[in-house]
Amino acid sequence: MTIAEFIVKYGITAETVQADGNPNIDAQEWGPGAQHWRVTLWRRDGERMEVTFTQGSGHTTVPTAADVLECLASDADVINHDTFESWAEDFGLDTDSRTAEQTYKACRTQTESLRRFLGEGTFEELLLDVEQD
């Protein structure tokens, strides 16, 4: 199933508003052309999830529900480590880095929010049955 088919199947839409920054990232690493967005994802049953979403300078359009869900799914797919140290080692990051630890914690929190937003079965379907670009 494609991300577009998944979105139609579950009636997911996005409301997007430009934001001043993203508290979960180091703005200097993204450079001055990065754009930050506050995105609210909605399901047809009224469930919602809010996330701050950042795009690099090469992206010139407002992010879509598909853009945001693909990134959330990608993050969720790699955050399945029991500890920060295990996750950091897999990505070649310094296990003493507070910045890396902050990223890990943000991804874990975001993944749990996505799981609650979609429900367990739909969350698993997103990770296992939706083609990733």
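## What lines the largest pocket

Sort the lining of the largest pocket by class and you get 14 nonpolar, 13 polar and four charged residues. That makes 31 lining residues for this pocket, in what is a predicted model. Among the 31, Ile25, Trp30, Asp75, Thr103 and Cys107 lie nearest the pocket's centre.

How much space lies in the largest pocket? About 810 Å³. As for where the lining comes from, α2 (27–30), β3 (48–55), α3 (65–78) and α5 (98–118) each supply at least two of its residues.

## A look at Thr52

Strand β3 is also the place of Thr52. Is this residue buried or exposed? With a relative accessibility of 15%, Thr52 counts as buried, because the cut-off for that is under 20%. Its side chain has a partner too: a polar contact of 2.6 Å joins Thr52 to the side chain of Arg38.

## Aromatic pairs

Now for the rings. Searching the whole structure turns up five aromatic pairs. One of them brings together Phe6 and Tyr10, whose ring centres are 4.9 Å apart with the planes at 55°, so this pair is tilted. Why are Phe6 and Tyr10 separated by about one helical turn? Because they sit four residues apart in helix α1, which covers residues 3–10. Phe6 itself is buried, with a relative accessible area of 0%.

Another pair is Phe84 with Trp87: here the ring centres are 6.2 Å apart and the planes meet at 40°, so this one is tilted as well. Phe84 and Trp87 are three residues apart in helix α4 (residues 84–90), so about one helical turn separates them. Both partners are tucked away from the surface by the numbers: Phe84 is buried at 5% relative accessible area, and Trp87 is buried at 7%.

Which residue lies over the face of Phe117? That would be Arg43, at 5.9 Å from the ring centre.

How values were computed. Residues are numbered from 1 along each chain as its sequence is written. This is a predicted model: local features need pLDDT of at least 70, side-chain atom pairs count only at pLDDT 80 or more; totals for chains, interfaces and linings use all residues. Side-chain values use heavy atoms; hydrogens and water are left out. Rings of Phe, Tyr and Trp (its six-membered ring) pair if their centres lie within 6.5 Å; planes under 30 degrees apart count as stacked, over 60 as edge-to-face and the rest as tilted. Buried means under 20% relative accessible area, exposed over 50%, partly exposed in between (1.4 Å probe, protein chains only). A charge sits over a ring if NZ of Lys or CZ of Arg is within 6 Å of the ring centre and within 35 degrees of the ring normal. On a 1 Å grid over the protein atoms alone, a cavity is a set of points where a 1.4 Å probe fits but cannot get out, and a pocket is an open set with protein on both sides within 12 Å along at least five of seven lines; lining residues have an atom within 4 Å of a point. Grid points are joined across faces, edges and corners, and a volume is the space filled by probe spheres set on the points. Ala, Val, Leu, Ile, Met, Phe, Trp, Tyr, Cys and Pro count as nonpolar, Asp, Glu, Lys and Arg as charged, and the others, Gly among them, as polar. A polar contact is a pair of N or O atoms within 3.5 Å; within protein, one must be able to donate a hydrogen and the other to accept it, and residues adjacent in sequence count only if both atoms are side-chain atoms.
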